[in-house]
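Visitor: I am new to protein structures. Could you walk me through this one, step by step?

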Amino acid sequence: MVRPAAFLRGVHEQFGDPVTIRTFWTDEPMVLFSGPDAVREVFGLDPAIAPAGQSWEFLRPFAGPHSILLLDGEDHLRERRLLQRPFHGERMRAFRPMIADLAERELMSWSGRVNTLARMRELTLEVILRVVFGAHDDAQVRALRGVIDETLEGVRSLPQVLGMVLIRRDLGPRSPWGRFRLAVERFDTLLLELVARRRAQPRGDSLLELLLEARDEHGRSPTDRHIRDQLVALLVGGHDSSAAALAWAFERLARHPAVHARLAEGDPAYLDAVVREALRVRPALTIAPRRLLAPVRIAGLALPAGIQVAACLWLAMRRADLWPDAAAFRPERWLEGATPSGLSWIPFGGGVRRCAGAPFAEMEMREVLRVAAQLRLRPVRPEGERARRSMLVVIPNRGGEVLIG
Ligand code: HEM
């Protein structure tokens, strides 16, 4: 799984669909499905017998007890309703100009050789800090950025992420675990200050304020701690994934000058098609796993409790029977009418766990690629970049390197 694209292509060629694999992060076998009917069944599994929250358990020390990522069942659905409100319709679209400005400022400063993955990590973090968290002065953004880097570094070295079975032992503030705890404390202090300030003096320009307006079924407003956990879920869900998806879009565009030229003509339908096609051929996440607590049948197969099942996003979007010339980056296919059903294009997963930030992620990609269309992009090397795993996402192994000008 270090080279997930080559691995998935290989197992598919050798064993077909479905296929059972083993991963380094769990002892349980995992059955991958990619056909639309089976994918529908996986996404439709009752969360009581196929929870997804447990897969994120390693994040608890950072994500917090209210995190949508960790919850399952009714608690998860309640959290999802609260979190999804700001991501719909006009209210979300109001953030478009801010994202466009940040994208313009970033991309227009580029020259020479650019590692787009590194730059997109900076940009998507900046978008989250300013547009989602509502940090507006530069000092605040710098302070948050510093502790987030430290905290995410700590998350990356959590034993479960590294695939090691270690016991977390706090051996004082200098131990890795101790440093991680301190970074989370510093991060929390800054974030809770921001929440308190926005509660006292709303400015009307952040997703945080829309979260603050939410009320639970008893009409109560969420506590600051609760809001903190929601913001962290958006940071964890939306930072690396968006950066990886955008770096892949640059990697593909630099190698397809005709697509880039057509994008530069400014047709919004074509821009949408480029976003969809980039997410199809180079999805940032390859699988959406669920752990089975009871036996189920999927695609006619009897599956026992105690294993994992997953919709394989990568294979579903590469099926030769559904996507003619499946490996090709050809946005035109989206404008030529008949494209396969929604269950064959699943970069954001599906069912009750479908990506809560999908509309935001697509908007962000559109704004960045709209500016990218104005640049002269060339690949540093002609051959495409290989896919490599970095934490939970799949990235181009040379960082989506491009030459500008
Ligand atoms: C192109 C960028 C993105 C991709 C490819 C992506 C993909 C995904 C996928 C595959 C899942 C798991 C779905 C499942 O298990 O069925 C997910 C979950 C999630 N994503 Fe995203 N995501 C992106 C951007 C974002 C952004 C920008 C945000 C927030 C601002 C976000 C927030 C979340 C959250 C909160 C969840 C957990 C949902 C739940 O458990 O109910 N994502 N994402």
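Guide: This is a predicted model, so local features need pLDDT of at least 70, side-chain atom pairs count only at pLDDT 80 or more, and totals for chains, interfaces and linings use all residues. Residues are numbered from 1 along each chain as its sequence is written, and side-chain values use heavy atoms, with hydrogens and water left out.

Visitor: How many residues surround the ligand, and which are the closest?
Guide: A residue is near a molecule if one of its heavy atoms lies within 4 Å of it. The shell around the ligand has 28 residues. The closest are His-76, Arg-80, Arg-290, Arg-353 and Cys-355.

Visitor: How many residues of the shell are nonpolar, polar and charged?
Guide: Ala, Val, Leu, Ile, Met, Phe, Trp, Tyr, Cys and Pro count as nonpolar. Asp, Glu, Lys and Arg count as charged, and the others, Gly among them, as polar. By class, the shell has 17 nonpolar, eight polar and three charged residues.

Visitor: Where does a backbone N or O atom lie 3.1 Å from an oxygen atom of the ligand?
Guide: Start with two side chains. A polar side-chain atom of Arg-290 lies 2.8 Å from a ligand oxygen, and one of Arg-353 lies 3.0 Å from a ligand oxygen. The backbone atom at 3.1 Å belongs to Gly-350.

Visitor: Which helices and which strand each supply at least two residues of the shell?
Guide: Helices (DSSP runs of H or I, at least four residues) and strands (runs of E, at least two) are numbered from the N terminus. The strand is E4 (287–291). The helices are H4 (73–84), H12 (224–238), H13 (240–254) and H17 (358–372).

Visitor: Which residues touch the most other members of the largest nonpolar core?
Guide: Buried means under 20% relative accessible area, exposed over 50%, partly exposed in between (1.4 Å probe, protein chains only). A nonpolar core is a set of buried Ala, Val, Leu, Ile, Met, Phe, Trp, Tyr and Cys residues joined through side-chain atoms within 4.5 Å. The largest one has 115 residues. Its members with the most such neighbours are Phe-133, Phe-187 and Phe-360.

Visitor: Which residues is Phe-360 in contact with?
Guide: Contact means heavy atoms within 4.5 Å. Neighbours within four places in sequence are left aside. That leaves Phe-87, Met-92, Ile-99, Val-127, Val-131, Val-132 and Leu-207.

Visitor: Why do the buried residues of H14 line one face of the helix?
Guide: In helix H14 (residues 257–264), Val-259, His-260 and Leu-263 are buried. The arc is that of the directions from the helix axis to the C-beta atoms. The buried residues line one face because, seen down the axis of H14, they fall within an arc of 100°.

Visitor: What is exposed on the other side of H14?
Guide: The buried residues of H14 pack against H13, helix H15 (268–281), H17 and strand E8 (377–379). On the other side, the exposed residues are Pro-257 and Ala-258.

Visitor: Within what arc do the buried residues of H2 fall?
Guide: Ala-38, Val-39, Val-42 and Phe-43 are buried in helix H2 (residues 36–43). They line one face of the helix, so look down its axis: the arc is 135°.

Visitor: Is Met-365 buried or exposed?
Guide: Met-365 is in helix H17. Leaving aside neighbours within four places in sequence, Met-365 is in contact with Ala-245, Leu-246, Val-275 and Leu-279. Its relative accessible area is 2%, so Met-365 counts as buried.

Visitor: Which side chain makes a polar contact with the side chain of Ser-34?
Guide: A polar contact is a pair of N or O atoms within 3.5 Å; within protein, one must be able to donate a hydrogen and the other to accept it, and residues adjacent in sequence count only if both atoms are side-chain atoms. Ser-34 sits in the loop between E2 and H2, and at 1% relative accessibility it is buried. At 3.0 Å, the partner is Arg-319.

Visitor: Which peptide bond is cis, with omega near 0°?
Guide: Look at the loop between helix H1 (4–15) and strand E1 (19–21), where Pro-18 is placed. The cis bond runs from Asp-17 to Pro-18.

Visitor: What is the phi of Asp-325?
Guide: Asp-325 lies in the loop between helix H16 (313–316) and H17. At 54% relative accessibility, this residue counts as exposed. Its phi is positive, in a residue other than glycine, and is near 50°.
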